[in-house]
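Me: I am new to this one. Please show it to me, and then let me ask about the words used for it.

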Amino acid sequence: MPSLNLFTNVPVDAVVASDILKDCTKAVAKIIGKPESYVMILLNGGVPIEFAGTEEPAAYGELTSIGGLGPSVNGKLSSTIAEIIQTKLSINSARFYVKFYDVEPSFFGFNGSTF
């Protein structure tokens, strides 16, 4: 049920994308405390982004989860995801925003129903 949607203006090749997807899946599952089998990561590379008045490498993410989020967890998620994109895509963490959504089960669909 945790879903992380990442956007970056950096082109992402298939090998790097696979590494990012795997690393983010493990990190999100571990930090939130949900099984990896429910985690979904989407990576959108080469998206036009301007941040702080420039088109230098940047990224934006949105993480949605049914529970498991809060100030401490969100801080850990933000730093861990920023570290992954800095390591894999050379995007400075000062050019990365991530927004967190803690949603009710009825607002998250799965398998033709909701949680």
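Reply: The questions below go from the whole chain to single residues.

Reply: This is a predicted model, where local features need pLDDT of at least 70, side-chain atom pairs count only at pLDDT 80 or more, and totals for chains, interfaces and linings use all residues. Residues are numbered from 1 along each chain as its sequence is written, and side-chain values use heavy atoms, with hydrogens and water left out.

Me: What makes up the protein chain, in helices and strands?

Reply: The protein chain has 2 helices and 6 strands. Helices are DSSP runs of H or I with at least four residues, strands are runs of E with at least two, and both are numbered from the N terminus. The order from the N terminus is β-α-β-β-α-β-β-β.

Me: How do you know that the radius of gyration of the protein chain agrees with a compact globule?

Reply: The radius is taken over C-alpha atoms, and the globule rule is 2.2 Å times the number of residues to the power 0.38. For 115 residues a compact globule would be near 13 Å; the protein chain has 14 Å, so the two agree. The C-alpha trace spans about 40 × 30 × 20 Å along its principal axes.

Me: Why are strand 1 and strand 2 called a pair?

Reply: Two strands pair if DSSP finds at least two bridges between them. Strand 1 (residues 3-8) and strand 2 (residues 40-44) are joined by 5 bridges, so they pair. They run parallel. Leucine 6 has leucine 43 as its bridge partner in strand 2.

Me: Which sense does the pairing of strand 1 and strand 3 have, parallel or antiparallel?

Reply: Antiparallel, over 6 bridges, with strand 3 covering residues 59-65. Asparagine 5 has glutamate 62 as its bridge partner in strand 3.

Me: Why is asparagine 74 called buried?

Reply: Buried means under 20% relative accessible area, exposed means over 50%, and partly exposed is in between (1.4 Å probe, protein chains only). Asparagine 74 has 19% relative accessibility, so it counts as buried. Asparagine 74 is in helix 2 (residues 71-89). Leaving aside residues up to four places away in sequence, asparagine 74 touches Leu69 and Phe100; contact means heavy atoms within 4.5 Å.

Me: How many aromatic pairs does a search of the whole structure find?

Reply: The search finds 5 aromatic pairs. One of them joins phenylalanine 51 and tyrosine 97, at 4.9 Å centre to centre and 85° between the planes. Rings of Phe, Tyr and Trp (its six-membered ring) pair if their centres lie within 6.5 Å; planes under 30 degrees apart count as stacked, over 60 as edge-to-face and the rest as tilted. The pair of phenylalanine 51 and tyrosine 97 is therefore edge-to-face.

Me: What does the pair of phenylalanine 51 and tyrosine 97 tie together?

Reply: Phenylalanine 51 lies in the loop between strand 2 and strand 3, and tyrosine 97 in strand 4 (residues 96-102), so the pair ties together parts that are 46 residues apart in sequence. Phenylalanine 51 is buried at 17%, whereas tyrosine 97 is exposed at 52%.

Me: Why is the pair of phenylalanine 110 and phenylalanine 115 called stacked?

Reply: The planes are 10° apart, so the pair counts as stacked, with 5.4 Å centre to centre. Phenylalanine 110 is partly exposed at 47%, and phenylalanine 115 is partly exposed at 36%.
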